[in-house]
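Here's a quick briefing to read with the model open. Have a look at the fold and the charged pairs as you go.

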Amino acid sequence: MKVKFLLLFIFIPAMLLSQEYIRQGKGCYNEVLYTWDGNYLRQGKGSYNTVLYTIDEEYIRIGKGAYNTVLYTWDGHYLRQGKGAYNTVLLTWDGKYIREGKGKYNTVLYTWDGTYLRQGKGDYNTVIYTITEPVPVVVLMLLGV
């Protein structure tokens with residue numbers, strides 16, 4: 001029983017304080033451009049850097065705060081401009097590709113394979129970002145907007 005509590009107190013804070021790094025180009029040792037901590041997308045490496053976006057389940061807000069201006073609405077498939085489910089679609093996610101506008105036949109801007117975000121359509125195109133830990137797709141979309 002004591003071992004369970006000890007493990008609980010060691011692993012839960014580690015999970016709560018975990019950060020995922022988004023690195024420039026291809027490689028796990030390249031420069032960290034952004035940090036994702038589950039709620040905030042920050043510039044650079046670290047939990048005290050400038051917050052670019054606050055992301056909750058539906059809205060992406062500028063800066064840090066749940067009451068800041070809503071820039072985008074995310075429904076799991078479409079990234080829309082402003083607040084609302086009927087606003088202009090900026091980007092579409094289809095499971096592998098991030099496309100321009102609304103539709104599965106529009107221009108592919110980025111290819112995501114789980115580790116690398118590549119420019120354009122294809123698994124061998126230029127790597128823009130390396131992300132070794134899972135991040136929500138909307139974070140990747142924000143990097144391209």
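**Salt bridges and the barrel**

R99 and D94 join their side chains in a salt bridge, 3.1 Å from N to O; the term means a side-chain nitrogen of Lys or Arg within 4 Å of a carboxyl oxygen of Asp or Glu. This is a predicted model, where local features need pLDDT of at least 70, side-chain atom pairs count only at pLDDT 80 or more, and totals for chains, interfaces and linings use all residues. Residues are numbered from 1 along each chain as its sequence is written, and side-chain values use heavy atoms, leaving out hydrogens and water.

**Charged pairs**
- The structure has three salt bridges.
- In the R99 pair, R99 is buried at 8% relative accessibility, while D94 is partly exposed at 34% (buried is under 20% relative accessible area, exposed over 50%, partly exposed in between, with a 1.4 Å probe and protein chains only).
- R42 bridges to D37, with the closest N and O atoms 3.7 Å apart; R42 is buried at 7% and D37 partly exposed at 25%.
- D123 pairs with K96, and their closest N and O atoms are 3.1 Å apart.
- D123 sits in the loop between β11 and β12 and K96 in the loop between β8 and β9, so this pair ties together parts 27 residues apart in sequence.

**Barrel**
- Twelve strands, β1 through β12 in order, close into a barrel with antiparallel pairing (strands are DSSP E runs of at least two residues, numbered from the N terminus; two pair if DSSP finds at least two bridges between them).
- Strands β1 (residues 20-24) and β2 (residues 32-36) pair antiparallel over four bridges, and Y21 stands opposite T35 in β2.
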